[in-house]
Amino acid sequence: MQPSLDKLRKFFRLEHENGYSNTAIIGGLAKMLDFWEGEARADGIQEEIIQAVVQRLRSYDGLSSQSRADALKGLWKRIGETYPETQQKSQPKPRPVQPQPQPQAQAERPPGQEAQPREHKPRPIAPPRSEAVAGARTSATPAALDAKLTVLQGVGPRYAETLARLGMHTLGDMLYYFPRRYDDYSQLKPIKNLFYGEQVTVIGTIQSVHTRPIRGGKASIIETIISDGTGAIRLTYFNQPWLANRFKVGDAISVSGRVDQYLGRLVMNNPDWEPVEVENLHTNRIVPIYSLTERVTQKWLRNLMKQVVTYWAPAVADALPDDVRNSANVMPLGEALLQVHFPDSQEKLKAARERLAFDEIFYLQMGVLRQRRDWLTVDGRRFSISDEWLDALKKSLPFTLTSAQERALADIRRDLDSGKPMNRLLQGDVGSGKTVVAALAAAIITSSGAPPAETSQAAIMAPTSILAEQHYRNFTRLFMDSVNLLAGSRGQAPVNQTIRLLTGDTPDSEKEEIRNGLANNTVKIVIGTHAVIEQPVQFADLQLVVIDEQHRFGVEQRAELRSKGTNPHLLVMTATPIPRSLALTLYGDLDISVMDEMPAGRQPIHTYVLRPQERERAFTLIRGQIKDGKQAFIIYPLIEESEKIEARAAVDDYETLSKEVFPDLRLGLLHGKMRPAEKDEVMLKFRDKQYDILVSTTVVEVGVDVPNATVMLIEGADRFGLAQLHQLRGRVGRGADQSYCLLIPTHEDATENERLQALAESNDGFFLAEKDLQIRGPGEFLGTRQAGFTSSLRMASITDIKLIEKARAQAQAVFEKDADLSQPEHALLAEALRRFWGEGKGDVS
């Protein structure tokens, strides 16, 4: 057994004997990574195993005892599958963990804060540690920054535990706990000068506080009026009744948020607020506002931050090489950390944020470039086909390919014949015909003119069983109609035996049959959900992996599927149109094919924004369409009414719609809290016309084709992002009939909402994606694949094309000069890059 694995085994055994208390190593198991990573690489341990260990141990401290036991057991099992020799020595079985009595500690508290009764709440998941932040941690970092927070005056064990909930465990973590916003006392705006739509901070004195019940007393609204001597503005808080006791007439508060309009008067809805600290009022300074947790006040945390940041920020080593920093014209790291917490001016704050954002994009680009290089260094099997074969295949299809489909197919054909593994993202608008292109790619892999026994296999993975079943139906229909499409269609086996569906619901006997067929190469294409990557499934010759709606899958699931073949070709499909800036930043390791053309015969969807009081007009349209034999969706932002959010909810309105609005029609209900089998049953009944109307939350955003549905009514439409609204709209308009999308916002004044108006004006997903990126930033586009990135992208905005291009250019320059970062001047950069990419983000494709 390799020494590094033996060492790991000993630590795991000791941890087991200690009852999974994270005491096998002083400072916790994660401390061993400082030396173990290097030893494991020196021993030649596979990189994916090293990254799995790093990921598990980094998160180990935040787990419950039982979860720790499960994590170590699962990790050791995975190591054993790769290195069987590690299992020769018996691995202790995790024992049931007994709850440990917690010692009572005297609660230390900040000056002036009263002790509060301790609330027993589940501990929230803390944000990523500073090690995951770009350039935050290298061997040149002062050791003192690893010190626990109890070294600070006024912070005992209880307060250290409270700060840990905010993600601060060490002094180094505090440097990277950035303010969520700032109150700029040097540029306060008088209330009389406010304009509709502005994002502002104002200070005023509370004049009045009123509570008003709504929804028959089920909820309430707090209305507060503040004045600064130049004017007054109304603040509205929905269903937060405790604020009535917090707001006292005569108190000065700072309020930050967007200026809205209601009945011609300016208001602010649910703005952030803080009590004004009198000493800040006349300083003309920019004051940081941090996210808090219970028992921590803004003033106390700010004083603590001041103590740490002013002393330690200048001591932080800058991993960015001098030539890169000078060329990019960015602020030194120590100064940026100081200015981002306690800025001297708006200009200094902007420069500090730019430096920290630059680091994030730069490290992201370095990793993506390295990933692409690594992928291109391995060989992939070549699949060559003749023009005649492909033309015959296309002629056998029941429709003509669009020019966008032809381009994408040409890209894929070129990749498959390149001798390198394909690594392509196929992005196409809703309904643009991506499935056909994927099916043709599978045909090339599984036919290629070879005898059936020698042809390769393809796996198509979908996020839900209902989508997998849809792909299965489409594939079998296409292959059944096509000449010479599969080896099986040349008489050796029926199409329904060479293409199989494998989901969690597949009966065990059929699963066994499919697994045997994959192992002996009689099953050529398997379409399914995560069941495709489960351990018993082994392929004889997997050469193509197609992942649909890839943002629904985690990195580990994709890696698992890819590991079942020898450098298989990878095709990733998404219906989310991704703007160029985002694609460059987050998908730089993938080649991209764009399908921006709809199949012939599709009519544009007519989209209208209605005021809430015009809801009956929408119902009239739905009744008319159903009378003509069509179906409708009604979508809600919430499952059930929320105490904090003023929006309509699916479950509550389903009752009203069924009994009062559409008593003569058949309604189905679909939401995320239902079990997968229940969701599938409801969706299939809707598809099979057993329901006239489907009342649902956004779980239908990616779902089954229902060509008969012609109306999409979206309630609370202002609560959705533009990309999400476009995805929802794409559930209708899939047949030849005219379809409609009706948008009803929460409030009448939201009918002017920029997103809703954009959607009403355009059916072009790529135009809308760019628009959404401008309005909201990257959140709508970032799914599971990017979750690892965005946890570390604390400062960068993907809309800042200039910054992205600057960071990308600098990363490419460094990469071209020293791809392995082996030169002495890049030593710290190499360490920082490993840290940044070491939090489970290694496989970004």
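Guide: In this predicted model, seven strands form an open sheet with parallel pairing. Read across the sheet, the order is S12-S13-S11-S14-S15-S10-S16. The edges are formed by strand S12 (499-502) and strand S16 (591-595), each of which pairs on one side only. From one strand to the next, the twist averages 20°.

Strand S10, residues 423-428, is joined to strand S15, residues 569-574, by five bridges in the parallel sense. Leu-426 has Met-573 in S15 as its bridge partner.

Helix H14 (residues 403-416) lies across S10, S15 and S16.

Two packed helices are described by the angle between their axes and the distance between the axes. For H13 and H14, the angle is about 145° and the axes are 14 Å apart. The crossing of H13 past H14 is right-handed. On the H13 side, the contact is made by Asp-387, Leu-390 and Lys-394, and on the H14 side by Glu-406, Leu-409 and Arg-413. By class, the residues of this contact comprise four charged and two nonpolar, with no polar residue. The two nonpolar residues are leucines, because Leu counts as nonpolar, whereas Asp, Glu, Lys and Arg count as charged.

Two loop residues elsewhere in the chain deserve a brief comparison. Tyr-20 is not a glycine, yet its phi is positive, at about 55°. Tyr-20 is placed in the loop between helix H1 (3-17) and helix H2 (33-42). Asn-329, likewise a residue other than glycine, has a positive phi near 55°. Asn-329 belongs to the loop between helix H10 (322-328) and helix H11 (333-341). The surroundings of the two residues are described by their accessibility. Tyr-20 has a relative accessible area of 3% and is therefore buried, the cut-off for buried being under 20%. Asn-329, with a relative accessible area of 66%, is exposed, since exposed means over 50%.

Terms used
Residues are numbered from 1 along each chain as its sequence is written. This is a predicted model: local features need pLDDT of at least 70, side-chain atom pairs count only at pLDDT 80 or more; totals for chains, interfaces and linings use all residues. Side-chain values use heavy atoms; hydrogens and water are left out. Two strands pair if DSSP finds at least two bridges between them. Helices (H or I, at least four residues) and strands (E, at least two) are DSSP runs, numbered from the N terminus. Axes are lines fitted to C-alpha atoms, for helices over the stretch in contact, and angles run from 0 to 180 degrees between N-to-C directions. Contact means heavy atoms within 4.5 Å. Buried means under 20% relative accessible area, exposed over 50%, partly exposed in between (1.4 Å probe, protein chains only). A crossing is left-handed if the near helix is turned anticlockwise from the far one by less than a right angle, and right-handed if clockwise.
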